[in-house]
Each structure stands twice: as structure tokens, then as C-alpha cells.
Amino acid sequence: MSKPILCLDFDGVCHSYTSGWKGAEVIPDDAVAGLFEFLEQAAPHFEIQVFSSRSLQPGGMKAMQVWFEQQRSKWLAEGGQGGEKYTISFPTEKPAAFVSIDDRAITFTGQWPEVDFLRNFQPWHKARPPSANSKGAGRS
Ligand SMILES: [Mg+2]
């Protein structure tokens, strides 16, 4: 029986993207913390597919594949507890995913968002952390 597809965006979800865009074939940064631990948990339940704006650009898919191999090896070398190796696929079209994880999307609730909310949207890695002395500090 086939597993439901979990679609992951690449930049800002798998790739930490701290250096910003350097070209479809250039992936300079490490994985977002916890990626490979997450994949260990998700892979038994989902078919993992990575779909990115890189997917259709020359060299982009190969660069993502190589990056995943290298980053997982690094994670294992640093003590990551990897079980049986799972497959990650790299479709060239947006897959019919059961659910997707993307740093630049919001969940549509049936209620259209305020345009100002969209205009001011910040992905998690660009959002300014709340300052330590702001009201509401203390939440973790
Ligand atoms: Mg992204």
C-alpha cells in the first residue's frame, strides 16, 4: 500500500538558507536543526518528496540530492541515530501531497487572509525574534 505524500519545500525548510539565494546549483548551508531526526520519524509513515523552485532549474535537483546525501552523512558522523535508509524523491511537478511543509505558505482556513498580513509575511528564519524585554517575554 502506498504511503501518503509528505511534500517538503527545500530552502528554509530542509536547507537552513542562512546565506540566501546563490543559484539553483549552489547550496551553501547546513540542514535546519532536527531535519534528519524528523525524517527518521516521518519516513515510515509518508513518502517523502522534496519539491522546490530548484526542481526545474538546471542542476538544481542534482544539487539537492547531493546535499541530502552529504548532510545525512554528516549527521550520522556527528552521532545521528539513523535507522534503515529511506528514499527521498524529487518530483519535477508539484506532487499531490497529503500535506506539505513550506516556510512561505500559510494554511488556508476558508477565511481569506488580510492582504496586509500577506504583505508583511516573514518566514520563520527572517522573522525578528521577540526582544528579551518586550511584553509577553517569557514564553518559550
Ligand atoms: Mg522555502
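Helices (H or I, at least four residues) and strands (E, at least two) are DSSP runs, numbered from the N terminus.

## The model and its layout

What you see is a predicted model, in which local features need pLDDT of at least 70 and side-chain atom pairs count only at pLDDT 80 or more, while totals for chains, interfaces and linings use all residues. Residues are numbered from 1 along each chain as its sequence is written, and side-chain values use heavy atoms, with hydrogens and water left out.

The chain has 3 helices and 4 strands, and if you read along the sequence they come in the order β-α-β-α-β-β-α. Its C-alpha trace spans about 45 × 35 × 35 Å along the principal axes. Of the 140 residues, 34% are buried (under 20% relative accessible area; exposed is over 50% and partly exposed is in between, using a 1.4 Å probe and protein chains only). Take the contacts (heavy atoms within 4.5 Å) between residues at least 6 apart in sequence: 70% of them join residues at least 24 apart.

## Two pockets

Now for the pockets. On a 1 Å grid over the protein atoms alone, a pocket is an open set of points with protein on both sides within 12 Å along at least five of seven lines, whereas a cavity is a set where a 1.4 Å probe fits but cannot get out; lining residues have an atom within 4 Å of a point. Grid points are joined across faces, edges and corners, and a volume is the space filled by probe spheres set on the points.

The largest pocket has a volume of about 300 Å³. It is lined by 14 residues, and Lys-94, Ser-100, Ile-101, Asp-102 and Ala-105 are the closest to its centre. Strands β1 (5-8) and β4 (99-101) each supply at least two lining residues. By class, this lining has 7 nonpolar, 4 polar and 3 charged residues (Ala, Val, Leu, Ile, Met, Phe, Trp, Tyr, Cys and Pro count as nonpolar, Asp, Glu, Lys and Arg as charged, and the others, Gly among them, as polar). The second largest pocket comes in at about 190 Å³, and helix α2 (residues 60-77) gives the most to its lining, with 6 residues.

## The magnesium ion

Which residues hold the magnesium ion? Asp-9 (OD), Asp-11 (O) and Asp-103 (OD) coordinate it, at 2.0 to 2.2 Å. Asp-11, in the loop between β1 and α1 (35-42), and Asp-103, in the loop between β4 and α3 (115-119), are 92 residues apart, so this pair links distant parts of the chain. Both of these residues are buried. Donors are N, O and S atoms within 2.8 Å of the metal (3.2 Å for Na, K and Ca), and water is not among the atoms, so sites may look incomplete.

## Cysteines and a buried histidine

A disulfide is a pair of cysteine sulfur atoms within 2.5 Å, and the count here is 0. For Cys-7, the nearest cysteine sulfur is that of Cys-14, 9.4 Å away. Cys-7 counts as buried at 8% relative accessibility, and Cys-14 is buried too, at 0%.

His-15 sits in the loop between β1 and α1 and, at 0% relative accessibility, counts as buried. Leaving out residues up to four places away in sequence, His-15 touches Phe-10, Ile-27, Pro-28, Asp-29, Asp-30, Val-32, Arg-54 and Trp-67.
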